[in-house]
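Me: Here is a structure I would like to go through with you. Please set each value against its definition.

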Amino acid sequence: PTIGELVRAGERSFSFEFFPPKDAAGEEQLWTAVGELQAYEPTFVSVTYGAGGSTRDRTIAMTGRIARETSLRVMGHLTCVGHTRAELLEVLQAYADAGVHDVLALRGDPADGPSAPWTPTEGGFHHAVELVELARSFDGGSGRFGVGVAAFPEKHPGSATVDDDARVLAAKAAAGAEFAVTQLFFRPEDYFGLVERTAAAGAPDLPILPGIMPITNLGSVRRMAELSGTEVPPEVLARFDGLSDPADVRRTGIELASQLCADLLAAGAPGLHFYTLNRSRATREIFEALRIGV
Ligand code: FAD
């Protein structure tokens with residue numbers, strides 16, 4: 001089965017996202033996190049694809065290593081940035097050769113960030129939906145690919161309205177995307193608003209996995225939020241007022257994320273997708289708070 005089929009078939013999906021490490025020390029750290037999180041038997045794990053395809057080889061190598069050396073199901077991210085259609089086919093083939101048969105099909109961002117104007121590569125794609133079509137029609141000699149896509153609970157910085165985002169997501173589902181993973185967000189209502197709009201736009205059956213980024217350090221979360229065009233809501237920031245001890249910030253961040261996860265699952269989210277930043281501790285603490293054991 002594809003990851004999308006596993007997500008649909010299971011009662012709840014749990015998944016962990018990693019980024020490709022830069023050096024041997026980073027790989028060691030990632031590998032430790034993979035080992036520790038494996039015990040939770042996630043539905044899948046995923047590895048991001050660097051801006052402009054900068055981590056292409058490392059992403060393929062890392063997903064390949066996970067596929068070979070663990071029992072985890074692994075998805076490789078793939079972006080259109082800087083690639084022609086022919087190059088995208090090559091990357092899909094490289095994934096297939098590495099034993100990876102699921103991709104998260106993304107447009108990616110311009111080098112100047114998500115709010116900068118987007119210019120497609122000549123011979124490449126304008127929108128993620130085209131990559132969805134390509135990946136769904138690709139057969140690397142080992143059967144068809146599973147395809148997931150990105151979704152945005154708050155507006156994507158390049159979209160005029162949240163309804164436009166929902167229409168884009170429904171179009172990706174119509175093109176063959178089997179599930180979506182959201183950008184980070186902090187309010188359950190932002191997530192459930194997206195779910196409702198997507199259903200209204202014609203894709204009521206698309207499972208949308210909420211992407212969870214626990215706050216363990218205020219500075220870095222503000223930066224991540226800025227990079228993704230998300231805002232850290234004032235009521236969330238207020239919870240950190242007056243906290244100067246990093247341990248208190250961390251504890252509060254884990255509490256907030258655990259509450260968000262509990263609220264999402266209680267109201268029917270099909271699972272949780274954790275942005276781990278290649279560490280396992282925050283995710284383990286949230287699982288403990290949710291009383292999800294190994
Ligand atoms: P699209 O679906 O193409 O949408 C981009 C913009 O174009 C939106 O404003 C949309 O409304 C508009 N649009 C789309 N289709 C049409 C159309 N047919 N007509 C008119 N307008 C349209 N980036 C990386 O570089 N590497 C990663 O590994 C990575 N992983 C991610 C994982 C997740 C879960 C998420 C949520 C994001 C990830 N990103 C990653 C970031 C992502 O590349 C950016 O958010 C990017 O700006 C949008 O990608 P998309 O696939 O949603 O693009």
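**Values and definitions**

Me: What share of the 294 residues of the protein counts as buried, and what makes a residue buried?
Reply: The share is 45% of the 294 residues. A residue is buried if 20 or more other C-beta atoms lie within 10 Å of its own, exposed if 12 or fewer, and partly exposed in between, with C-beta atoms placed from the backbone. This is a predicted model, in which local features need pLDDT of at least 70, side-chain atom pairs count only at pLDDT 80 or more, and totals for chains, interfaces and linings use all residues. Residues are numbered from 1 along each chain as its sequence is written.

Me: How do you know what the predictor's confidence is?
Reply: pLDDT gives that confidence for each residue, from 0 to 100. The mean for the protein is 94, and 99% of its residues reach 70 or more. For the complex, the predictor gives an ipTM of 0.99 and a pTM of 0.97.

Me: Why does the radius of gyration agree with a compact globule?
Reply: The rule is 2.2 Å times the number of residues to the power 0.38, and the radius is taken over C-alpha atoms. For 294 residues a compact globule would have a value near 19 Å; the protein has 18 Å, so the two agree.
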